[in-house]
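Dear colleague,

I am handing over the structure we spoke about, with the sequence alongside it. Could you look through it together with the notes below?

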Amino acid sequence: MHVTAARFVKSATRPAHYPAADFPEIAFAGRSNVGKSSLLNVLLQRRNLVRTSSTPGRTQLINFFILNEALSLVDLPGYGFAKVPLAVKNQWGPMVQTYLQSRPTLAALVLLFDIRREPRPDDLQLLDWLEQYQVPTIAVITKADKVGRSQWIARRKAIAEAAGLPVDAFTLFSAQTRQGCDELWERMQVALEQWQQRAVNLPINETIVAGNEPGGMPDGA
């Protein structure tokens with residue numbers, strides 16, 4: 001994808017503080033330390049626009065970014081972190097559930113799984129919410145570079161079975177090698193086109209769906 005501009009908009013914890021729903025929106029979620037910030041920086045083509053941290057649970061707000069003044073990417077707080085107060089852990093569920101329920105321009109959610117780990121109860125709970133609120137889900141297995149190629153098929157199959165999703169629903173991704181970046185953009189494009197069909201009465205920048213330059217979706221990130 002040709003990125004001409006990418007910027008951070010604001011952080012929020014509840015709908016009253018969200019930015020205006022002016023653009024179609026794709027959100028990103030996953031367990032802490034799953035590689036979500038690194039993936040977003042690859043998509044945004046900015047090295048440090050989304051802050052990365054070796055400390056799980058550092059991102060505890062909903063962070064909104066605008067790409068090409070046409071598409072909103074939303075970084076949801078990581079879950080499953082251990083070294084934070086219980087009160088902070090307990091905020092995650094209501095914060096994310098409210099976002100999923102209330103955001104009218106949400107086209108899809110990209111759910112991340114670490115290739116080295118099986119899905120856990122928090123992952124399955126989020127999948128249940130996505131089904132309940134009818135949010136299209138794009139499943140991504142991150143950190144593909146952390147295991148050998150010979151393990152890719154087996155790990156994808158194990159994660160898919162644990163998550164209850166078809167194997168071909170998953171994109172293998174590596175922020176280090178950019179593997180899977182083009183495929184992820186293609187899946188996001190499909191989700192945006194389907195959202196446009198469902199929400200014909202909502203404002204949408206046509207270039208983001210049509211794939212026109214500049215800022216079109218995508219012919220290769």
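The notes below cover confidence, the sheet and the helix packing.

This is a predicted model, in which local features need pLDDT of at least 70 and side-chain atom pairs count only at pLDDT 80 or more, while totals for chains, interfaces and linings use all residues. Residues are numbered from 1 along each chain as its sequence is written, and side-chain values use heavy atoms, without hydrogens and water.

The average pLDDT (the predictor's confidence in each residue, from 0 to 100) is 84, and 81% of the residues score at least 70. It stays under 50, however, over residues 52-58 and over residues 206-221. Where pLDDT is low, the predicted coordinates should not be read in detail.

Strands β3 (residues 62-67) and β4 (residues 71-75) run antiparallel and are joined by five bridges, and F65 has L73 in β4 as its bridge partner.

L39, V42 and L43 in helix α1 meet C181, L184, W185 and M188 in helix α5, contact meaning heavy atoms within 4.5 Å.

Best regards

How values were computed
Helices (H or I, at least four residues) and strands (E, at least two) are DSSP runs, numbered from the N terminus. Two strands pair if DSSP finds at least two bridges between them.
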